[in-house]
Amino acid sequence: MQPQPLAPVAVPAAMTLVVMGVSGSGKSDISRAVATHLGWRHIEADHFHSRENVERMRSGIALSDADRQHWLATLSQEMQAAQLSGQGFVLACSALKRAYRERLRDAVPGLQFVHLQIDQATALQRVGERPGHFMPPSLVDSQFATLEAPLDEPHVLVLDAARPREELVADVCTWLQRDALELSDAETVFVSEVDSANSVSVTGTEHIYGGRLARLFDQLTDGMMALLMAFMVVAVFGNVVLRYAFGTGWAGAEELSRLAFVWLVFVGVASSMRRGELMSFRMIRDRFPQFTRRLVDSCSWLLVAVASVLAAMGAWSQVHFGWGNVSTVVGYPVVLTMVPILACMSVLAILALVQLVNVWRRPVDSTVALVNVTAD
């Protein structure tokens, strides 16, 4: 299914960038550094090639226009999904021909490009120095033969790829910030509305699901956490003021504050998991091949689902056990302590199962470039 192009605009799209160039120009390294500096998502185009394309490149066969069509369609959908979810993104993609770049612009009108320009001798040297790299010089030559430099295209910055990495990253970030000031009022409103939906993950991990249901879920959990935090502040500090200023106090403040804290923690866990904001350690996982990463992710999410179900069952048992009991001071039902645990663990189990399905439906996006794949 081909992605539907959006309505064209005359200004550069905010928070979008494609770092392009031939193999050896440093696309992956520079784009990843820019994404890290800006807090945007990094998309490595190499990870979205079909297995057939990968095998052709392993054999030293340059890809044809027909070979790249499905790849470009997938990249277009990936950029649109990131933009609609409110994520800024930096795509590392060779985008050698103008037709390829126009295909990407159809998906994200106003898309900005940085062309890392490099001479053929330097590119050959860099590719040859890659440890364990399969790519023969003839394939580098074919990339220069295919390259159509974006000299007269809009929203393009051309940089000398032979310059130091730090200088290139600084120039790209400065250029993006300058163009961001030229956005139209309409696009600024769009970006503000997306940001207000709380769709951006501070960790850069992809959200488990999106859309209207996600916004309602975020509004509900964010509202509950705000109310709980406000209650805790008022109860604790109000009790301190009453105790030291008036020699009195509220006996139930500490008890209700502890209850509110339990609710705050478990509501926050459910909200953070949907947004992809929970801590993760992927150093070893990202070194595996794509299929192995999917298996590792599947096992991880399956374990999360099982653990969440067991925790929910334990909370349900405690609800039955504590039914009819009341707290010592205030006299609230003790089961109120178990309700957020039961609800949170049930939600976590559902989210884990949804993510388990997403592992096999979504392309794998790793921050580590594939060793044996180069950009077409």
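Guide: Lys97 counts as partly exposed, at 21% relative accessibility; buried means under 20% relative accessible area, exposed over 50%, and partly exposed in between, with a 1.4 Å probe and protein chains only. The model is predicted: local features need pLDDT of at least 70 and side-chain atom pairs count only at pLDDT 80 or more, whereas totals for chains, interfaces and linings use all residues. Residues are numbered from 1 along each chain as its sequence is written, and side-chain values use heavy atoms, with hydrogens and water left out.

Lys97 forms a salt bridge with Asp65, their closest N and O atoms being 3.2 Å apart; the term denotes a side-chain nitrogen of Lys or Arg within 4 Å of a carboxyl oxygen of Asp or Glu. This pair links distant parts of the chain, 32 residues apart: Asp65 lies in helix H3 (residues 65–84), and Lys97 in the loop between strand E3 (89–92) and helix H4 (98–107). Helices (H or I, at least four residues) and strands (E, at least two) are DSSP runs, numbered from the N terminus. Asp65 is partly exposed, with a relative accessible area of 34%.

Arg105 is buried, at 10% relative accessibility. Its side chain meets that of Glu102 in a salt bridge of 3.1 Å, N to O. Because Arg105 and Glu102 are three residues apart in helix H4, about one helical turn separates them. Arg105 also forms a salt bridge with Glu153, with the closest N and O atoms 2.9 Å apart. Glu153 is buried, with a relative accessible area of 8%. Arg105, Glu102 and Glu153 are among the residues linked in a network of salt bridges, which also includes Arg98, Arg101 and Asp152.
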